[in-house]
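User: I am new to reading protein models, and I would like to go through one with you. Could you show me how to read its features step by step?

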2 protein chains.
Amino acid sequence: MRLEEVDTPALILDLDAFEANVRRLADAVPGRVRVRAHAKTHKCPEIGKRQIAAGAVGLCCQKVSEAEAMVEGGIKDVLVSNEVVGAAKLERLAALARRAKLGVCVDNADNVRDLEAAMQRAGARIDVYIELEVGMRRCGVAPGEPALALARAIAASPSLRFTGLHAYHGRAQHIRSVEERRKVISNAAAHVRSTRALLEGAGIACPLVTGAGSGTFMFEVELGAWDEIQPGSYIFMDSDYARNEWAPPMPRFEHSLFVLATVMSRPNPALAVVDAGLKASSVDSGMPGVWQRPGLAYTHASDEHGWVEIGQDAASPALGEKLLLVPGHCDPTVNMHDWYVCVRKGVVEALWPITARGALY
Amino acid sequence: MRLEEVDTPALILDLDAFEANVRRLADAVPGRVRVRAHAKTHKCPEIGKRQIAAGAVGLCCQKVSEAEAMVEGGIKDVLVSNEVVGAAKLERLAALARRAKLGVCVDNADNVRDLEAAMQRAGARIDVYIELEVGMRRCGVAPGEPALALARAIAASPSLRFTGLHAYHGRAQHIRSVEERRKVISNAAAHVRSTRALLEGAGIACPLVTGAGSGTFMFEVELGAWDEIQPGSYIFMDSDYARNEWAPPMPRFEHSLFVLATVMSRPNPALAVVDAGLKASSVDSGMPGVWQRPGLAYTHASDEHGWVEIGQDAASPALGEKLLLVPGHCDPTVNMHDWYVCVRKGVVEALWPITARGALY
């Protein structure tokens, strides 16, 4: 089947661009730094396996149910790069830790106690990272003494292997200027270094520091304070990431993820309405772009419709014509679809199920 | 199971509030006006059946695949209140028209020709409505002569039953002031009346005018130009609708839809981080509200996290505590979940599958 024959709205993965992105990351990162690609972006074991084949040591997930889907799909090493709170989730996490090499983050001593109890009940062990607050102001303990107190609690828990620090600055990924991004990560690195030194000075080995995303990872690599990076969006890119400034050392990735849409109404010469709205492409980080159609701008979305305004000199899309949209934000867009329609040079090559779609728990 | 035991994030339906909303609509609408509730909001035959039991003549859908899910779930009368463009979709629509009473909207003569051809091939007939542009500036033909030309094309198509006009003003639903909403719908009514008169003057019977949403339907009822209304969100309400002014004749509905979330991190006294972010509650129309917890405000969402800021005098939520969130926009929020956890007086009574979740085609 050719791309033009695919019914819409459909989530399209351009395999050439995707594979180029996977290679580009592998080429950019020196061997001393591990890549643990983030599966929150793609939610698809088929993609995870290709990242591992390109050198990734395993995957990150944000949710226990996402990790279950990855393990079920054949991934053997998963870090839940997030806190897991509540008896039901901890029980599932412990059961999963018996089936795969598993890691999890903590930022609270009560949670460490609950985690230890759940692991003991299941007869399981798990890698535990302290999430450090390095400027994002989301989860995480403060660097320094609070982190040391938590590390002592983990080290005293027989079912928990204290593995190191999780230091991720999510907000930094979308700061537009390369120099500003470098500055923010440099501040984060100072917290990482001082905390690691404090822990090791207290006799607690801190084997690994993990973190970093697609917008900053080369700064984490260059600063030398991280042993492992967690990029997710690099495989797809999206319109929001494309608005970042890209300059060395940050490699620029290609758009490989699209929403294919059909022009379903041409109410006037200046407007085409497409069949992909809020339920097909997430608008939390801005409207999707229209791919390789100069003069067309997707300006507004309702649940099932998108407004594409047609500039004066633009080629006017006909009723029934299909347009490729570049999602504003790839992660929540992927989460609305059940499969990738994988296309190479305009021909459908595979369907990859998004098995962790809707894996919220 | 009690509500507090439900794992999170979960989509919660408060059955008492939901049933009160269904009754409130039925009580408000006089018998001369038909209710055709919109299933784009709930995507769930269980809910559709209850709307029909309360007097609705059938359901609306926005997508062919959504209509398929409703027919599969036992709904016998469905209007696709949208244009259907493209051979694959028209073939599915025609097949469905052999299984149920089906309607569809058109705004283009080429589409009328393709629709007729698809129905002929399938040996099916379908109700066809002209979508009229009444001020929303989305799909639809202009009132007056363009609508008459399209009505003639439909009337000349043996497999298409010209049933009337579809006149929906989506933007009006969220205009805050009651008087402004009334004014906009009053302008729409003038277009509806003049076009209906034009068609009937030309000898084309126009049996039914359908349209209206949860923010305006009583104006359509009072103005007398509509025979059928299509409210969807009234069963749930959401934070965006709650920001509207509500005054007679518009009944005010209750919040019945919630996202249950767990406090997963308490990084500092002024912040609770919950486990429900962009992938659990759509933020296209603003952040979710925190239900019945004065002083708590959900101020920012990332993919899997929500920031809940804690006011100075507010009761501080503990780690692991569960909060009910009122989604900013109900329709795209529902579309991210696989089932409703139906709760009555704090106890889970049923799980209703959202069978048209992700029905994009």
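**Reading the barrel, the helices and the contact**

Analyst: Let us begin with one pair of residues: B:Ile130 stands opposite B:Leu165 in S7(B). The model is predicted, so local features need pLDDT of at least 70 and side-chain atom pairs count only at pLDDT 80 or more, while totals for chains, interfaces and linings use all residues. Residues are numbered from 1 along each chain as its sequence is written, and chains are lettered from A and ligands numbered from 1 in the order in which they are written.

User: Which strands close into a barrel in chain B, and in what order?

Analyst: The order is S2-S3-S4-S5-S6-S7-S8-S9 (chain B), eight strands with parallel pairing. Chain A also has a closed barrel of eight strands, S2-S3-S4-S5-S6-S7-S8-S9 (chain A), and its pairing is parallel. One of its pairs is strand S8 (residues 208–211) with strand S9 (residues 228–229) of chain A, parallel and joined by two bridges. Within that pair, A:Gly211 has A:Ile229 in S9(A) as its bridge partner. On the sheet packs helix H3 (residues 64–72) of chain A, which touches strand S3 (58–61) and strand S4 (77–83) of chain A. The direction of H3 makes about 175° with that of S4(A); axes are lines fitted to C-alpha atoms, for helices over the stretch in contact, and angles run from 0 to 180 degrees between N-to-C directions.

User: Where can I see antiparallel pairing?

Analyst: Look at S10(B) and S15(B), which run antiparallel and are joined by four bridges. There, B:Thr262 has B:Lys322 in S15(B) as its bridge partner. Strand S12 (residues 289–290) of chain B is also antiparallel to S15(B), with two bridges, and B:Gly289 is partnered by B:Val326.

User: How many residues of strand S15 (residues 322–326) of chain B are buried?

Analyst: A residue is buried if 20 or more other C-beta atoms lie within 10 Å of its own, exposed if 12 or fewer, and partly exposed in between; C-beta atoms are placed from the backbone. In S15(B), five of its five residues are buried. B:Lys322, B:Leu324 and B:Val326 point one way, and B:Leu323 and B:Leu325 point the other way.

User: How do I read a helix?

Analyst: An α-helix has 3.6 residues a turn, so residues three or four places apart point the same way. Among the buried residues of H7(B) are B:Arg181, B:Val184, B:Ile185 and B:Ala188. What covers the buried residues of H7(B) includes helix H6 (145–155) and strand S7 (160–166) of chain B. The 24 residues of helix H7 (residues 178–201) of chain B should span 34 Å, and its end C-alpha atoms are 34 Å apart, which agrees. Just after H7(B), B:Gly203 has a positive phi of about 85°.

User: How many residues does each chain bring to the contact?

Analyst: Residues are in contact if their C-beta atoms, placed from the backbone, lie within 7 Å. Chain B gives 47 residues and chain A gives 47 residues. The largest share of the side of chain B that touches chain A, five residues, comes from S10(B). Because 100% of the interface residues of chain B are also interface residues in chain A, the copies meet through the same surface.

User: Is A:Ala359 buried or exposed?

Analyst: A:Ala359 is buried, with 22 other C-beta atoms within 10 Å. A:Ala359 lies in the segment after strand S17 (347–353) of chain A.

Technical notes:
The expected span of a helix is 1.5 Å times one less than its number of residues. Two residues are in contact if their C-beta atoms, placed from the backbone, lie within 7 Å. Two strands pair if DSSP finds at least two bridges between them.
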